[in-house]
Amino acid sequence: MKKLGVIGHPISHSKSPLIHNYWIEQHGLEGKYEALDIEPDNLEKEIRRLVDEGYEGFNLTIPHKELALDFCDEIDDLAKTIGAVNTITVLDGKLHGTNTDVFGFIQNIKENARNFSFTRKPAVILGSGGAAKGCIYGLLQEDVREIRLLNRTREKAEELAKLDPRIKVMDWEDREDALVESGLLVNTTSLGMDGQPDLELDLFALPQDTLVNDIVYVPLYTPLLQECEDRGNPVVTGIGMLLHQARPAFQYWFGILPEVDEELMQKVLA
Ligand code: ATR
């Protein structure tokens, strides 16, 4: 019986156990995936203890993704570049860290907006936190033509822009102007999430065929997505990123790349 888990603090609302246990059952595998609440101060010690108990893999979520960079025995280039580990695989007692959020972000768009071209028009990214970094990295890998990056704290956007000359930083106050002739708009800020303020954004300059994605998925249709859908824009919700980032993690542990099917989607949204 393979033992796996998602580590966070808090963790009780995590959908990851539901997702991974669904696939374990679907593929007739011997395994159990749990939610593990561990405080940041004890993270390395507790992970090593879990490994001694026989755990073979972990996902990491808030606030642990950056901390794991300091103690994993091996970290792949992607996780190093993003500066965050969200998946650990235990091999011969050693912790191998990687990041599957980039795959999740790109795959969510590819699966749900089948004809979308990353290369044709500029992408607009709102926010410059950890989530934005993964999205930017994914877009660069997909040969995005240009990224217009806007963040309330401009310095953080300037820092991320050092990654690639295609990233153009604009002022947060100019976010309406950034929408002109864009092909993709992604909200990576916490604005629009339940309990957070709304994203204030006038959409008059947003072309009607611009694809809009929010990485917030509580609610599933954020006010931004709802407004965009109402005016006819194609939209992709954030839940698919959560589902798709789980697939390569499952593959690391079980050697099978599982699918996101309708039944799983309904369970996660229930
Ligand atoms: P994550 O790692 O999930 O991206 P984060 O690092 O806390 O989380 O980043 C949150 C993002 O939401 C940041 O871009 C943040 O902007 P700042 O860098 O200026 O803090 C953005 N954000 C949060 N609250 C905001 C608000 N009221 N207005 C504008 N942006 C906000």
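Which residue in β6 does Thr87 stand opposite?

## Strand β5 and its neighbours

Thr87 stands opposite Thr98 in β6, and Thr87 is also the bridge partner, in β5, of Asn59. The model is a predicted one, in which local features need pLDDT of at least 70 and side-chain atom pairs count only at pLDDT 80 or more, while totals for chains, interfaces and linings use all residues. Residues are numbered from 1 along each chain as its sequence is written, and side-chain values use heavy atoms, with hydrogens and water left out.

Strand β3 (residues 55-60) and β5 (residues 87-91) run antiparallel and are joined by three bridges, whereas five bridges join β5 to strand β6 (residues 94-98), again in an antiparallel arrangement. Strands here are DSSP runs of E with at least two residues, helices are runs of H or I with at least four, and both are numbered from the N terminus. Of the five residues of β5, four are buried, a word that stands for under 20% relative accessible area, with exposed meaning over 50% and partly exposed the range in between (1.4 Å probe, protein chains only).

## The sheet

These strands belong to an open sheet of six strands with mixed pairing, in the order β2-β1-β3-β5-β6-β4. The edge strands, each pairing on one side only, are β2 (31-37) and β4 (74-75); two strands pair if DSSP finds at least two bridges between them.

## Loops and backbone

The hairpin of β5 and β6 has two residues between the strands, and there Asp92 takes a positive phi near 50°, although Asp92 is a residue other than glycine. Asp92 is exposed, with a relative accessible area of 82%. Asp143, in the loop between α5 (130-141) and β8 (147-151), is not a glycine either and has a positive phi of about 60°.

A cis peptide bond runs from Ile62 to Pro63, with omega near 5°, and Pro63 lies in the loop between β3 and β4. Val218 and Pro219 are likewise joined by a cis peptide bond, with omega about 5°, and Pro219 lies in the loop between β11 (211-214) and α8.

## Residue Glu227

Glu227 has its place in helix α8 (residues 223-230). Is Glu227 buried, partly exposed or exposed? Glu227 counts as partly exposed because its relative accessibility is 43%.
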